[in-house]
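Biologist: Hey, can you walk me through this one? I'm new to it.

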Amino acid sequence: MHVVDVNSGTRIKKENGQEANALETNLGAADELARQLRLRDMGGIIVVDFIDMNLAEDRQLLYERMCENMKKDRARHNILPLSKFGLMQITRQRVRPAMDVAVEETCPTCHGTGKIKSSILFTDQLESKIDVLVNKIGIKRFSLHVHPYVAAYINKGVFSLKRRWQMKYGLGVRIIPSQKMAFLQYEFYDANRQFIDMQEENEVSK
């Protein structure tokens with residue numbers, strides 16, 4: 001719905017009074033409004049608050065002027081005469097399709113749930129994966145690709161998580177920051193750069 005308010009502004013009053021000024025301003029507004037509706041392809045309900053006019057013939061003249069102007073519009077439309085409050089209602093169907101552009105996508109970290117694991121639980125989860133790799137699968141040399149922020153957290157401090165993991169599982173543990181990773185995503189690769197699938201289905205969103 002669109003609402004248009006017409007006012008006289010600082011127009012110079014004509015000698016024959018306020019009614020003539022109102023009519024002239026309203027007619028000019030009707031001409032411009034019809035042009036703007038076509039130019040902007042405005043659809044739906046358009047309510048126009050014209051300047052009040054006392055004479056019925058002036059209100060009829062304005063209505064006829066609007067109808068004449070809208071004949072140039074190829075969009076389907078309907079125009080109602082002025083109400084007693086000076087309002088004109090116009091319905092118009094858009095000619096061009098609406099330009100709806102999708103600007104949203106599902107978060108790759110929470111998968112749309114709005115919930116993610118806490119950082120402490122996430123690093124515990126990574127360590128459990130490392131333990132499986134080293135002690136159960138027997139892969140001693142591998143790289144863990146994580147988001148740069150997570151990598152910085154793992155590498156932080158003299159006695160960092162990375163250092164603790166290397167002391168516990170061997171120096172074959174490498175932490176690789178990767179911009180392609182979402183905040184709580186991770187990938188394991190062996191010494192030959194082959195991907196190791198260590199993720200359980202939907203584990204990130206739990």
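Biologist: Which way does helix 1 cross helix 2, left-handed or right-handed?
Modeller: Helix 1 makes a right-handed crossing with helix 2; right-handed is when the near helix is turned clockwise from the far one by less than a right angle. Before going on: this is a predicted model, where local features need pLDDT of at least 70 and side-chain atom pairs pLDDT 80 or more, while totals for chains, interfaces and linings use all residues. Residues are numbered from 1 along each chain, and side-chain values use heavy atoms, with hydrogens and water left out.

Biologist: What's the angle between helix 1 and helix 2?
Modeller: About 20°, with the axes of helix 1 (residues 18-40) and helix 2 (residues 56-70) 9 Å apart. That makes them roughly parallel, a label for angles under 35 degrees.

Biologist: Which residues make the contact of helix 1 with helix 2?
Modeller: Among them are Leu23, Leu27 and Ala30 of helix 1, plus Leu61, Leu62 and Met66 of helix 2. Contact means heavy atoms within 4.5 Å. The residues of this contact split into 10 nonpolar, two polar and five charged.

Biologist: Switching topic, how do helix 4 and helix 5 pack?
Modeller: Helix 4 (residues 148-155) meets helix 5 (residues 161-169) at about 65°, axes 5 Å apart. They are therefore roughly perpendicular, which covers 65 to 115 degrees. Tyr153, Ile154 and Asn155 of helix 4 touch Leu161, Lys162 and Trp165 of helix 5.

Biologist: And what volume does the largest pocket have?
Modeller: About 180 Å³. A pocket here is an open set of points on a 1 Å grid where a 1.4 Å probe fits, with protein on both sides within 12 Å along at least five of seven lines; lining residues have an atom within 4 Å of a point.

Biologist: Which strand gives the most to that lining?
Modeller: Strand 5, with three residues. Strand 6 (173-177) and strand 7 (186-190) each supply at least two. The lining includes Arg141, His145, Tyr189 and Asp190, and by class has four nonpolar, three polar and four charged residues.

Note on methods. Axes fitted to C-alpha atoms, helices over the stretch in contact; angles between N-to-C directions. Helix = DSSP H or I, 4+ residues; strand = E, 2+ residues; numbered from the N terminus. Parallel < 35°, antiparallel > 145°, perpendicular 65-115°, else oblique. Nonpolar A, V, L, I, M, F, W, Y, C, P; charged D, E, K, R; others polar. Points joined across faces, edges and corners; volume = space filled by probe spheres on them.
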